[in-house]
Amino acid sequence: MAADTMLKAIIFDLDNCLAAADEPGTPLFAPLFDAIHRTNRGHFSPEELERIEFDCWRQPLDHIFEAHGFPEEMRKAAWEANRSIRVTTPMKGYGDLHLLAEFGVPLFLVTAGFQGLQQSKIDALGFANRFTEVHIDAVDQPGRRGKKGLFQGILSRHGLAPDEALVVGDNPDSEIAAGNALGIPTVQTLRPTVPRTDTARYHVAGLAELLALTGSGRVAM
């Protein structure tokens, strides 16, 4: 962000940025993991299955299919299992969410995953009214635009230049990559279990550090 450019918007990711993906507890994905194990038939080793389960908490399912090379039977079973998963208990998110009220610019939420699951997380957190717009990059809906397309839409609708916004999230292959592709400065949130990526321009441990980064209405270089 240029030194004379004011920050006018912040685009946040959800999972492992504002709330831990596994906050609802490991039983949330039990139907998905059961489907993967049931259709494995020796394709993946126990160690590979453990890695897949770890990735399921951090990556959209379609990305996991490609990254790990799921066989077709497993893809279909995992997809059907994930379509019915919902969070049914309240969520709190990370302990610094109260700081969202202090940024002084419009905030946007863009999250990727299955429509029903991601919407149930937003509902469980009860914080949709803190954002000017909320978007789900739904892997199970037609006409998917992807995070890059959704970010571009936000810039266009609100008359924002790329360097007047920030993209804040954890995933180098998702929101960080999309922000970089559009020339939007990117900030990686290094929440617990999130590995650091050098592809983000800035790194913060949480919202307090993000406030310090943006406190003057500009991003410190």
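## Packing and pairing in a predicted model

User: Leaving aside neighbours within four places in sequence, which residues is Gly116 in contact with?
Analyst: Contact here means heavy atoms within 4.5 Å. With neighbours within four places in sequence left out, the contacts of Gly116 are Ile85 and Arg86.

User: Happy to start there! What kind of model is this?
Analyst: Residues are numbered from 1 along each chain as its sequence is written, and side-chain values use heavy atoms, with hydrogens and water left out. Local features need pLDDT of at least 70 and side-chain atom pairs count only at pLDDT 80 or more, while totals for chains, interfaces and linings use all residues, since this is a predicted model.

User: Back to Gly116: is it buried or exposed?
Analyst: Gly116 lies in helix 5; helices (H or I, at least four residues) and strands (E, at least two) are DSSP runs numbered from the N terminus. The scale calls a residue buried under 20% relative accessible area, exposed over 50% and partly exposed in between (1.4 Å probe, protein chains only). The relative accessible area of Gly116 is 18%. That makes Gly116 buried.

User: What distance separates the C-alpha atoms of Gly116 and Ile85?
Analyst: These two residues are 31 residues apart along the chain. Their C-alpha atoms are separated by 7.4 Å.

User: Now the sheet. What is the order of its 6 strands?
Analyst: Two strands are taken to pair if DSSP finds at least two bridges between them. The sheet is open and its pairing is parallel, with the order 3-2-1-4-5-6.

User: How many of the residues of strand 2 are buried?
Analyst: On one side of strand 2, Leu107, Leu109, Thr111 and Gly113 are buried, and on the other Phe108, Val110 and Ala112 are too. Strand 2 is therefore largely enclosed by the rest of the structure, its buried residues being 7 of the 7.

User: Which residue of strand 3 stands opposite Thr111?
Analyst: Strand 2 and strand 3 run parallel and are joined by 6 bridges. In that pairing, the residue opposite Thr111 is Ile136.

User: What is the handedness of the crossover from strand 2 to strand 3?
Analyst: With the strands pointing away from the viewer, a crossover is right-handed if the path from the first strand over the helix to the second runs clockwise. Here the chain passes through helix 5 (residues 115–125) in a β-α-β crossover that is right-handed.

User: And in strand 2, what is the bridge partner of Ile11?
Analyst: Strand 1 (residues 9–12) and strand 2 (residues 107–113) pair in the parallel sense over 3 bridges. The bridge partner of Ile11 is Phe108.

User: Which residue of strand 5 stands opposite Val167?
Analyst: Strand 4 (residues 165–169) and strand 5 run parallel, joined by 3 bridges. Opposite Val167 stands Thr186.

User: Through which helix does the chain cross from strand 4 to strand 5?
Analyst: This is a β-α-β crossover, and it is right-handed. The connecting element, residues 175–182, is helix 7.

User: Which residue of strand 6 does Thr189 stand opposite?
Analyst: Strand 5 is joined by 3 bridges to strand 6 (residues 202–204), and the two run parallel. Thr189 stands opposite Val204.

User: On to the helices: at roughly what angle do the axes of helix 6 and helix 7 cross?
Analyst: Axes are lines fitted to C-alpha atoms, for helices over the stretch in contact, and angles run from 0 to 180 degrees between N-to-C directions. The axes of helix 6 (residues 146–157) and helix 7 come within 8 Å and cross at roughly 50°.

User: Why is helix 6 oblique to helix 7?
Analyst: Angles under 35 degrees count as roughly parallel, over 145 as roughly antiparallel, 65 to 115 as roughly perpendicular, and the rest as oblique. Helix 6 is oblique to helix 7 because of their crossing angle, which is roughly 50°.

User: What is the handedness of the crossing of helix 1 and helix 2?
Analyst: The axes of helix 1 (residues 30–38) and helix 2 (residues 46–56) come within 11 Å and cross at roughly 150°. The two helices are therefore roughly antiparallel. A crossing is left-handed if the near helix is turned anticlockwise from the far one by less than a right angle, and right-handed if clockwise. The crossing of helix 1 and helix 2 is right-handed.
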